[in-house]
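Please look at the sequence and the structure shown here before reading on. The report that follows is written for someone who has not seen them before.

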Amino acid sequence: MITKSDFPSLTDDLQSIFNETAKTKVAEMKGNQIFNVFDTIRLTYDHLILHGLSGIQRVADGQDLPKINSEEGDSVTWTQDYYGAIVSITKKMRKFDLYDQMTSLVKSIVTDAFDSIDQSLADVLGNGFSASNYTDVYGVSVAAVGPDALALFSTAHTNNINSNTFSNIITSNPVLSRTAIVTARKQGLTHKDPNNKIRPVNLDTLIVAPSNEDLAERILYSELMSGTGNNDVNALKGKVKKLIVWERLETRTGGTDTSAYWYMCDSAKVGESLQCLFAERPSLDAPDEVYTNKNWDYSLDFYYAIGRGYPAYVFGSNASGS
Amino acid sequence: MENINWSNLVAKGRAKAHGVPWTEEEAKARAAGVSAEDIRDGVWKSGVVSVPNESAEISGTGEISGDGSVNANIDKVVIKKPTIKKAVKKSKK
C-alpha cells in the first residue's frame, strides 16, 4: 500500500516515467525539424515582417552613402494558449499497489501531449490550402491564414509595400514526381521579393506523408533517373538534402486524407515561415496537498502558440493537378 | 492564437472584411487587377471578371454580358493596361 509518506518517492518515480517518455516522443516528433521551435516569456508575441533594405547604390568620390529605409511588411501577434490535463492516481491504485496502471497513465498522457503538439503543427500544412478556419486537434476552431490574410499556400500572396504578389503553391499542384520537384526548385530559386529582386529560396528539404515515402526515396536517392530506362545521372541527388516523412501528414485532424500532399522548404529560412513558441514546455507537476482517502491529482500542462510568418520559404502541392 | 492586422489589410484591399479573407479565386482576381470594391460589392462574381478600365484588353473565350462584365475563366484572362507610349501618342493627336 502506498501511504502519504510514500508521496515523495512516488512523485520521483512518475517524474522519471515522464522524462523517459517525453525524451522518446521529442525524438520522434517531426514538426520540430521544420518549425522554428523556441521559448518565450511573453503572453503575446509581436512579429513584424521586414523585407530588408533595398537601394544599394554606386557611391561616387566624395558622395555620402545614400540613406535608405527598411521596407516594413505585415505584422502579426501570436498569443499563448494553455493546454493540460489531470492525471489522477486513485486511492485504489495506491491501496493495491497498482504500479502498472500508474505507469501506463503517465506514459499515455505524456504521449498524448506530444502527439497533439506534433499533430497541431502538421495540421498547419494539411490545412494550408484553404483560408477557412479549421478545427484543430484540441477541438477548437482556429484561423488558417497568415499575416497577409491568405492561406499558407496561395498563388497570390500579397505584401504591405506594393501590389506585387508571389505564389508558394508548386505550379498546378502536381502529384509528387521528379519533374514536379525540379519545377518547384526552379520556382523557389527564381522567387522575387516585394521589391521585385530575385531572392532565391533553396528548396532543399522534401516533406511527404508515409504514402509517398518509397517514391520520394527513389526520386531523391537513385544514382540514375528513377523509373525510366534513361541512364542519365539523377541530378536531384544531393540537391534535396533532407527527406522528412511525417506520419501525421497522412490524415489531417478531422479525417481528411492528405496523404498525397507534399511540401518543400528552405531549411535555412523556413523558421521565418513556420514558428512554434513555447511559454512553458510540457511538465508533470505534483499536487500541493495529498489526502489519504482522495485521488492524488498530478497535472500535465503547457503553454504554446503556433505562428505563421512570411510564407515564401515553404512551398506545397495538394496534388489536385489544378 | 493568431491576431493579424485586419484593419490595415481591409484598408489596402488585401482582405474582404475584418476577419474575412479573400478566397483563393478572389485573391487571384485581385492580383489580376480587379478592384477590392468590385469584389466586395458583388460586381465581380466567381468566374466573372469585370473590365478595370476602357483600354483593357481581354484575351480568352469570355463573352461580354450586358453589365460590362466578362464571363471567362480567370486563369485565361490577360488584362493589359495602356503603356506610356500609347498615352503620349494620344496626347499628340
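## Basis of the model

This is a predicted model, in which local features need pLDDT of at least 70 and side-chain atom pairs count only at pLDDT 80 or more, while totals for chains, interfaces and linings use all residues. Residues are numbered from 1 along each chain as its sequence is written, chains are lettered from A and ligands numbered from 1 in the order in which they are written, and side-chain values use heavy atoms, with hydrogens and water left out.

## Where the two chains meet

The side of chain A that faces its partner has 27 residues in contact with 17 residues of chain B, contact meaning heavy atoms within 4.5 Å. The two chains bury about 1,600 Å² between them, and 44% of this lies on carbon and sulfur atoms; buried area is the accessible area (1.4 Å probe) that two parts lose on being put together, summed over both. Within chain A, the residues that lose the most area to chain B are A:Thr79, A:Ala149 and A:Asn160, which together make up 24% of what that side buries.

There are 2 salt bridges between chain A and chain B, a salt bridge being a side-chain nitrogen of Lys or Arg within 4 Å of a carboxyl oxygen of Asp or Glu. The side chains of B:Arg14 and A:Asp74 form a salt bridge, with N to O at 2.7 Å.

Strands here are DSSP runs of E, at least two residues long, and helices are runs of H or I of at least four residues, both numbered from the N terminus. β3 (70–79) and β11 (296–308) of chain A each supply at least two residues of the side that touches chain B, and β3(A) gives the most to that side, with 6 residues.

β3(A) also pairs with strand β1 (residues 2–4) of chain B in the antiparallel sense over 3 bridges, where pairing requires that DSSP finds at least two bridges between two strands. In this arrangement A:Trp78 stands opposite B:Glu2 in β1(B).

## Strands inside chain A

Strand β1 (residues 36–39) of chain A runs parallel to strand β10 (residues 274–285) of chain A, paired over 4 bridges, and A:Asp39 stands opposite A:Phe278 in β10(A). β10(A) is also joined to β11(A) by 9 bridges, in the antiparallel sense, with A:Leu277 having A:Ala305 in β11(A) as its bridge partner.
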